[in-house]
Amino acid sequence: MSRLSLLTKLLLAILLPMVLTFAGFGLFSHYAASRALEAELGRRLSGIAAVIATQIPQESVALLAAGDEESRTYRNLRRRLGELRDAAGVARVYVFAADLTSRVDTDPESAPIGTRDYSLDTSRSELRAVFLPGSGIPAASVLFRGRDGRLYKSGYAPIKGSEPAAQFAVGVDGSAALYQELVWLRRTLLGLGLSGVAALILLTVLWGRRMTLPLARLTASARTMGSGVLDVPMERRLLAGGDEVAVLAQGLEAMRQDLRARDERMQMMLAGIAHEIRNPLGGMELFAGLLQEELSGPADGAAADPGSHAPPAIDPAVPRGYVDKIQKELRHLQAVVSDFLDYARRPRPVLAKVALPELLREVAESAQARASASLLVRVEAPDPEACIQADANQLRRALQNLAHNAVQACLEVRRSGEVREHGVTLSAALTGAQAVLQVRDTGPG
């Protein structure tokens with residue numbers, strides 16, 4: 001399964017909460033606005049119904065019975081309701097009885113007088129308050145969708161009479177003009193939400209690319225360093241600034257410089273190792289050739305004793321000397337390889353009490369063995385009781401390398417014919433809990 005890119009993660013991390021926030025805010029705003037508009041529309045329709053109810057006499061409505069659609073009373077009531085409908089700007093006005101049967105209706109397709117109006121069944125709970133004995137009050141229904149597919153809302157008010165309980169009530173259905181604001185609000189909120197999401201996507205993509213492009217360049221630089229190319233510096237624009245990307249770039253640049261320096265040191269070390277190995281190998285090759293010539297006897301065509309048929313005798317001391325010299329060069333080669341392996345392993349130091357005078361004497365004896373008789377290796381020892389905490393083997397090896405290099409440098413000066421006193425001096429100075437060890441020589445440096 002492929003991992004998501006950083007840009008995709010940013011889009012999900014930023015857009016998802018923002019989209020959910022926008023959607024939640026839009027839904028809440030639409031719900032609150034629709035409830036407020038619906039309540040306001042209900043109050044307006046129930047108020048219109050209450051006004052119309054005051055202008056409809058209960059006695060006239062009570063006279064209507066089934067089949068009176070052609071009577072003068074019905075026509076007058078219907079005409080009056082039509083005038084009030086037009087004046088109020090509503091879609092429909094009708095009168096119905098407490099048993100939810102129709103009496104007068106401005107709708108041309110209305111049911112006959114005395115027929116049950118089943119559309120009122122959805123407002124039974126509201127109509128209980130309208131027909132409540134002694135204190136009938138106006139009420140409003142919930143929004144519903146009419147036969148034309150539009151949303152409507154009804155307001156109800158009782159027609160007061162001489163009886164304590166109202167026998168009839170007026171119903172008013174709100175027209176589309178009264179709730180178009182709700183539809184406009186929903187469309188506005190939807191448009192604003194989509195525009196906000198689109199703007200967020202654009203900003204997130206731009207900001208994400210602004211952050212991921214430097215990271216991509218950092219990745220390319222890291223891969224370049226990983227391939228072994230350490231001479232290409234980090235781009236300056238990545239190093240500028242104080243943000244996290246710049247800090248990361250500065251860290252990678254410092255790592256590149258450290259790797260380059262270490263690579264240079266490694267090359268120098270390998271060159272030194274090659275030089276150290278080449279010298280004993282050259283000596284071994286020379287002595288092996290001499291040994292071969294010694295063991296093979298006189299060369300072809302050389303004069304021999306005419307009175308003797310046996311080959312001349314070989315002096316055993318000569319080839320033995322060559323073998324000794326070859327073994328000496330082998331030991332030196334083995335020491336070089338051992339030093340290199342010790343450096344490569346980098347063992348942990350084992351701290352112990354080390355006596356400085358004894359350590360300096362051991363190193364001086366080892367260096368004196370490599371020097372000529374006229375080259376003196378001296379020791380300036382501190383207090384005979386001077387001791388430090390150190391790894392004796394690693395410290396001895398480091399001092400021996402320095403001392404041997406110093407002897408070699410002094411020998412090269414002598415071979416050049418320069419006339420002056422030559423020598424190597426090992427010293428130690430205690431400064432509190434620390435010690436300063438020095439190897440000085442009279443070579444060229």
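**View 1. Salt bridges in the predicted model.** The model contains 14 salt bridges, a salt bridge being a side-chain nitrogen of Lys or Arg within 4 Å of a carboxyl oxygen of Asp or Glu. The structure is a predicted model, in which local features need pLDDT of at least 70 and side-chain atom pairs count only at pLDDT 80 or more, whereas totals for chains, interfaces and linings use all residues. Residues are numbered from 1 along each chain as its sequence is written, and side-chain values use heavy atoms, with hydrogens and water left out.

**View 2. The pair R43 and E40 in helix α1.** The closest N and O atoms of the salt bridge between R43 and E40 are 2.8 Å apart. Both residues belong to helix α1 (residues 6-54), where a spacing of three residues places them about one helical turn from each other. Helices are DSSP runs of H or I with at least four residues, strands are runs of E with at least two, and both are numbered from the N terminus. R43 is exposed, at 52% relative accessibility, and E40 is partly exposed, at 43%. Here buried means under 20% relative accessible area, exposed over 50%, and partly exposed in between (1.4 Å probe, protein chains only).

View 3. In helix α3 (residues 72-88), R80 and E83 are three residues apart, about one helical turn, and their side chains form a salt bridge with an N to O distance of 3.4 Å. R80 is partly exposed at 32% relative accessibility, and E83 is partly exposed at 41%. In helix α7 (residues 244-296), E264 and R260 are four residues apart, again about one helical turn. Their salt bridge has its closest N and O atoms 3.6 Å apart. E264 is partly exposed at 41% relative accessibility, as is R260 at 34%.

**View 4. An open sheet of five strands.** The strand order is β2-β1-β7-β6-β3, with antiparallel pairing; two strands pair if DSSP finds at least two bridges between them. At the edges lie β2 (102-105) and β3 (139-140), each of which pairs on one side only. Strands of a sheet pair through backbone hydrogen bonds, either parallel or antiparallel. Three bridges join β1 (residues 92-97) to β2 in the antiparallel sense, and Y94 has D105 in β2 as its bridge partner. D105 also takes part in a network of salt bridges that links R92, D105, D117 and D173. Helix α3 lies across β1 and β2 and runs at about 55 degrees to β2; axes are lines fitted to C-alpha atoms, for helices over the stretch in contact, and angles run from 0 to 180 degrees between N-to-C directions.

View 5. S154 is located in strand β6 (residues 154-159) and is buried, with a relative accessible area of 2%. Its side chain makes a polar contact of 2.5 Å with the side chain of D173. A polar contact is a pair of N or O atoms within 3.5 Å; within protein, one must be able to donate a hydrogen and the other to accept it, and residues adjacent in sequence count only if both atoms are side-chain atoms. Leaving aside neighbours within four places in sequence, the residues in contact with S154 include L45, Y94, F144 and V172, where contact means heavy atoms within 4.5 Å.

View 6. T442 is found in the segment after β12 (434-441) and is partly exposed, at 26% relative accessibility. Although T442 and H422 are 20 residues apart along the chain, their C-alpha atoms are separated by 5.6 Å. A polar atom of the T442 side chain lies 3.1 Å from the backbone nitrogen of G423.
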